[in-house]
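Here is a short briefing on one protein chain. Have a look at the sequence and the fold before reading on.

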Amino acid sequence: RTPSRLLFPLAHDRCQLARAVVPTARRIDGIRNFSSSVPRSHQRLVILGSGWGGYEVLRGVDKKRWDVTVISPNNYFNFTPLLAGCAVGTLEFRCAVEPVRRFTPQVTAYQAWCDHIDFKQKRLLCAPATAPIAHDASTKPSGGDVETGAKGAQTFWVNYDKLVIAVGAYSQTFNVPGVKEHAHFLKDVKDARAIRGRIVECFEQANQPTMSDVERRNLLNFCIVGGGPTGVEFAAELYDLLHTDMAEHYPALARMARINLYDVAPSILGSFDKNLVEYTEKTFAREGINIWTSRTVERVEDGKMFIKEEGEVPFGLLVWSTGLAPNPLVQSISEINKDQRTSSLITDEHLNVVMADGFANPDVWAIGDAAKIESQPLPATAQVANQKGKYLVKKLNKIVKDQDSPKPFEFHNFGSLAYVGDWKAIYDRSASEGTFLSKESGRLAWLLWRSAYFTMTLSLRNKILVPTYWFLNWIFGRDLTRF
Ligand code: FAD
């Protein structure tokens with residue numbers, strides 16, 4: 001119960017009533033809110049980010065009792081485990097996304113970046129993530145708290161009563177020169193689209209009569225840097241593509257194609273059980289996927305990278321997946337406690353953000369890859385982000401009814417899965433004691449992998465689309481067109 005409610009229940013209720021009869025035109029920090037139908041009578045809950053953590057909160061929170069605003073540069077949620085499949089055409093892009101607009105106009109949604117959090121005044125400085133607009137100086141913005149910067153770029157303020165920070169993390173490059181310019185990342189459906197386009201382009205370029213065989217081999221050298229689950233799954237999906245559809249439509253070129261997986265560590269899949277790593281290495285060796293461990297990439301240029309141990313390696317496509325870098329928003333906030341090593345926000349066991357003075361902020365929570373519980377270090381996975389999101393939903397739905405909030409957050413490990421190609425996968429739950437199926441590899445693990453991700457798909461639409469595309473692409477082959 002909020003202090004005002006405890007001390008002045010009647011006054012509080014009267015105030016609520018008075019607010020409820022105020023005209024429906026709602027203002028967020030001076031901006032007339034035209035996109036929500038909820039009267040401005042409830043506490044304002046702002047969610048930053050529409051990923052595994054933020055979207056789960058958005059889905060589950062009681063939108064009739066909270067006045068919800070979501071701010072994210074994407075107007076969709078990425079179902080990241082399906083991105084590798086989308087990047088090679090095993091699935092269509094829409095299978096891996098869920099729209100934020102599904103919840104409007106009941107909630108307010110801004111496709112924007114949050115650039116700054118003012119914890120004292122409980123407000124957020126945001127910048128539109130839509131294409132820049134040349135504003136007509138003779139017209140006024142519809143709200144008062146819009147600011148215009150030196151170059152005409154406009155920002156706006158959004159107030160909150162409660163805030164959920166779920167901004168995730170960025171891709172790590174270790175500042176290797178040229179990575180940002182010449183490598184592809186696999187973090188978003190846009191990345192998957194770009195990768196798919198590039199694979200097809202490599203084959204079409206290599207197919208030109210003007211090419212020499214050396215040039216063909218270079219173009220069809222597909223390199224992946226990072227031997228974690230994302231790098232491994234992408235290599236496996238690419239193997240499937242090369243040995244089915246590409247082998248059928250470009251038989252000579254498919255024989256020239258190579259997949260190379262590099263990692264700086266002495267082994268791939270560091271977080272998996274040793275036997276499963278061995279199984280993956282043997283499977284990859286049989287499939288012709290080359291694993292190069294203890295390799296350091298020094299720089300990347302257009303179409304080639306330089307490896308300390310080997311020198312120049314030409315490539316047609318380079319996918320870079322070497323872990324997480326801190327989100328700049330998190331890095332920029334000085335009023336909060338941050339993990340020194342990873343720059344993620346530190347929270348208590350109720351997921352409240354611990355401020356620089358060492359006290360947890362009761363109005364601000366942080367979840368997902370951007371946050372860490374001090375006493376309970378957990379991996380940066382969708383599973384953790386999703387469970388934290390679910391926990392917060394319960395908490396917020398109790399807070400809004402003035403009920404006791406749930407016990408501290410507890411993580412339940414359902415295991416890790418990775419696809420290794422040719423209808424095989426690995427499943428590792430050995431970290432949880434006393435489980436019936438603690439380690440599995442091969443076809444059974446592949447079945448678990450597919451059923452897990454099918455079960456986890458969020459909407460009815462994707463529950464229909466995902467198996468349908470798996471089936472259609474199996475029957476008719478993947479889409480090899482490029483627009
Ligand atoms: P994200 O899902 O990254 O979402 C962050 C959100 O915040 C995004 O909407 C972003 O646009 C938004 N944002 C960023 N900056 C700002 C800002 N300044 N203001 C407002 N919004 C902002 N995990 C598993 O458990 N199993 C898997 O099989 C698995 N497979 C994966 C496959 C791939 C290809 C990748 C990339 C990751 C995979 N993961 C998997 C990891 C998992 O996706 C992440 O741990 C998870 O996405 C973290 O959730 P999150 O909500 O913290 O961040």
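Predicted model: local features only at pLDDT ≥ 70, side-chain atom pairs only at ≥ 80, totals over all residues.

The protein chain holds 14 helices and 27 strands. Of its 483 residues, 51% are buried. Take contacts between residues at least 6 apart in sequence: 66% of them join residues at least 24 apart.

**Nonpolar cores**

- The largest nonpolar core has 99 residues. Ile199, Phe203, Phe222 and Phe234 touch the most other members.
- Helix H8 gives the most to this core, with nine residues.
- Where does this core lie? Domain 1 (3–169 + 326–399) and domain 2 (174–322 + 415–476) both give residues to it, so the core lies between them.
- Setting aside residues up to four places away in sequence, Phe203 touches Leu220, Phe222, Leu242, Met246, Tyr250, Leu253, Ala254 and Ala257.

**Helix H10**

- H10 runs over residues 274–287, which makes 14 residues. From first C-alpha to last, H10 reaches 20 Å, close to the 20 Å expected at 1.5 Å a residue.
- Which residues of H10 are buried? They are Leu276, Val277, Thr280, Thr283, Phe284 and Glu287. These residues cover an arc of only 125 degrees around the axis, so they sit on the same side of H10.
- The face turned away from that buried side carries exposed residues: Lys274, Lys282, Ala285 and Arg286.
- Several elements cover the buried residues of H10. Among them are helix H8 (229–249), strand E14 (258–262) and strand E15 (289–292). The cover also includes strands E25 (416–421), E26 (424–428) and E27 (439–442).
- Asp273 caps the N-terminal end of H10. One of its side-chain oxygens lies 2.9 Å from the backbone nitrogen of Asn275.

**Asn78**

- Asn78 is found in strand E5, residues 76–78.
- Is Asn78 buried or exposed? Its relative accessibility is 10%, under the 20% cut-off, so Asn78 counts as buried.
- The side chain of Asn78 makes a polar contact of 3.0 Å with the side chain of Asp188. A polar atom of the Asn78 side chain also lies 3.0 Å from the backbone nitrogen of Val189.
- Beyond its neighbours within four places in sequence, Asn78 is in contact with Trp52, Leu83, Ala96, Val97, Lys187, Asp188 and Val189.

**Ser459**

- Ser459 lies in the loop between helix H13 (443–456) and helix H14 (460–476).
- Ser459 has a relative accessible area of 9%, so this loop residue is buried.
- What does the side chain of Ser459 meet? A polar contact of 2.9 Å joins it to the side chain of Glu98.
- Neighbours within four places in sequence aside, Ser459 is in contact with Glu98 and Arg102.

Technical notes
Residues numbered from 1 in each chain as written. Heavy atoms only, no water. Helix = DSSP H or I, 4+ residues; strand = E, 2+ residues; numbered from the N terminus. Expected span 1.5 Å × (residues − 1). Buried < 20%, exposed > 50% of the residue type's maximum accessible area, 1.4 Å probe, protein only. Arc of directions from axis to C-beta. Contact = heavy atoms within 4.5 Å. Polar contact = N/O pair within 3.5 Å; in protein donor to acceptor, adjacent residues only side chain to side chain. Core = buried A, V, L, I, M, F, W, Y, C linked by side-chain atoms within 4.5 Å. Domains from an automatic or database assignment.
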